[in-house]
Amino acid sequence: MRTSPLPLLLALLLGGCVNLAPDYQRPAAPVAAQWPGAAPAGASQADVDWREFFVDARLRDTVARALANNRDLRVAALNVEYQRAQYRIQRAELFPAVSASAEGTRQRALSDGTTAVSSQYSVGLGVSSYELDLFGRLRNLKDAALEDYLALEQTRRSTQISLVAEVASAWMTLAADQQLLKLARDTHASQQKTYELVQRSHGLGGESGLSLAQARSTVESARAEAASYASQVEQDRNALELLVGERLDASLLPGDTGLDAALLVTVPAGLPSSLLQRRPDVLAAEHTLKAANADIGAARAAFFPSVSLTASGGSASGELSGLFKSGSRAWSFAPSISLPIFDAGSNQAGLDAAKITRDIDVANYEKALQTAFSEVADALSVRSHINERLDAQRELTAATDKSYDLSLALYKQGSDSFLEVLDAQRSLYSAQQTLISLELAEQVNRVTLYKVLGGGWQG
């Protein structure tokens, strides 16, 4: 009794395929169990939307424009759409592709001196080289394409987080340099007045030519530094507009007053490894690792037989009018099996390459976790000391300001030399510059902590 192989093949197909991919297990996190140092106090968590994190309306609008116009972020989003299309292409391999065809042939032939004309017409539906995924090769390739798509989506989120942080830092840097420019111009104006005072005293014989020259040198030095800061402010604006992707209105730019643009986030409770899993770069590394795991399954399937089906059915007739009449039906069924016997080690090399790629991705995933932990630890280290530094610098600035006022008053009374005034003036200017730089560092640290904890991508 003859038995058709079709029921057996259908039973195998309906019964599901064998998945040869290794069971995925997330690698242990190679980081410490606790954060070094204490967590900062604050009212906000890292999962707050960036619109709430930035308290300055001008900065919020600037970030929104950057998210809409930045070309790097646009390319990252398009890469996600491209990989999504690639995944859909790979997924389609799991299903048979059915195509319709219609043919008509009419030919004239000469035989034994007579002419004969013949015709042939056919229509039908067919499936060509549909692979039965008995050992999970196609399914694993589909899973790998899906993980690649998800990895790119996380990369887009990571790009967005970095863009938000870069725009905020550039905006704050512009604000700090504008403060430094204002300070330089105010210092230049103050030193110009001091120079005029020394010049009058020199005319009356109360000051030497050396004092007059020294006063003049401080004026020109302050003028040169003001010009330098003016150039730096223009460069800061150019850098900010490059990130935003368009020309910014003056209403969106920061002023020359003090900085208070961002909230202070707290570190959520929990182990560092679980917290760092929220970061898109870590998630992207894990999706890449999962894709490599699926590739191993596809490589293992290459060692097993491959079953393909080619089938068609329709109607054929020598006359167009009889194409759909009874008895004109035609069909074909051509299954094929390919069994690898000798490939000179190609399949084994493919499997070895897939395993090595998986090991590389494990190392990359662990490195992503270590990098994330280090970035958070660095941000916390800066946070743990920045407030103390700011308090000390404010006290130092206040003390040098008082020292300068006293030196100038004593000089006007004739009780102190002009050199003491110059020293006090330089000390005050340096202390004011350092204070502005520390205020910028404190605000940038808030943004950095927000970024490294994985915030800033919502919305």
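The following legends describe close-up views of a predicted model.

Local features are reported where pLDDT is at least 70, side-chain atom pairs count only at pLDDT 80 or more, and totals for chains, interfaces and linings use all residues. Residues are numbered from 1 along each chain as its sequence is written, and side-chain values use heavy atoms, with hydrogens and water left out.

**View 1. Helix α8 is largely enclosed by the rest of the structure.** Helices (H or I, at least four residues) and strands (E, at least two) are DSSP runs, numbered from the N terminus. Helix α8 covers residues 280–301, and its 22 residues should span 32 Å at 1.5 Å a residue; the expected span is 1.5 Å times one less than the number of residues. The end C-alpha atoms are 32 Å apart, which agrees. Of the 22 residues, 17 are buried, where buried means under 20% relative accessible area, exposed over 50%, and partly exposed in between (1.4 Å probe, protein chains only).

**View 2. The largest nonpolar core has 57 residues.** Such a core is a set of buried Ala, Val, Leu, Ile, Met, Phe, Trp, Tyr and Cys residues joined through side-chain atoms within 4.5 Å. F53, F54, L59, M172, L240 and V447 have the most contacts inside this core. Among the elements that give two or more residues to the core are α2 (50–53), α8 and α10 (418–452); α5 gives the most, with 15 residues. A second, separate core of 13 residues includes L408, F418, A424 and L428.

**View 3. V447 has contacts beyond its neighbours in sequence.** Leaving aside neighbours within four places in sequence, V447 is in contact (heavy atoms within 4.5 Å) with F53, F54, A165, A168, S169, M172 and A262.

**View 4. F53 and Y450 form a stacked aromatic pair.** Rings of Phe, Tyr and Trp (its six-membered ring) pair if their centres lie within 6.5 Å; planes under 30 degrees apart count as stacked, over 60 as edge-to-face and the rest as tilted. The ring centres of F53 and Y450 are 3.9 Å apart and the planes are at 10 degrees, so the pair is stacked. F53 lies in helix α2 and Y450 in helix α10, 397 residues apart. Both F53 and Y450 are buried, and together with F54 they form one aromatic cluster.

**View 5. F135 and F304 form a stacked aromatic pair.** Their rings are 4.8 Å centre to centre, with 20 degrees between the planes. F135 is partly exposed at 22% relative accessibility, and F304 is partly exposed at 35%.
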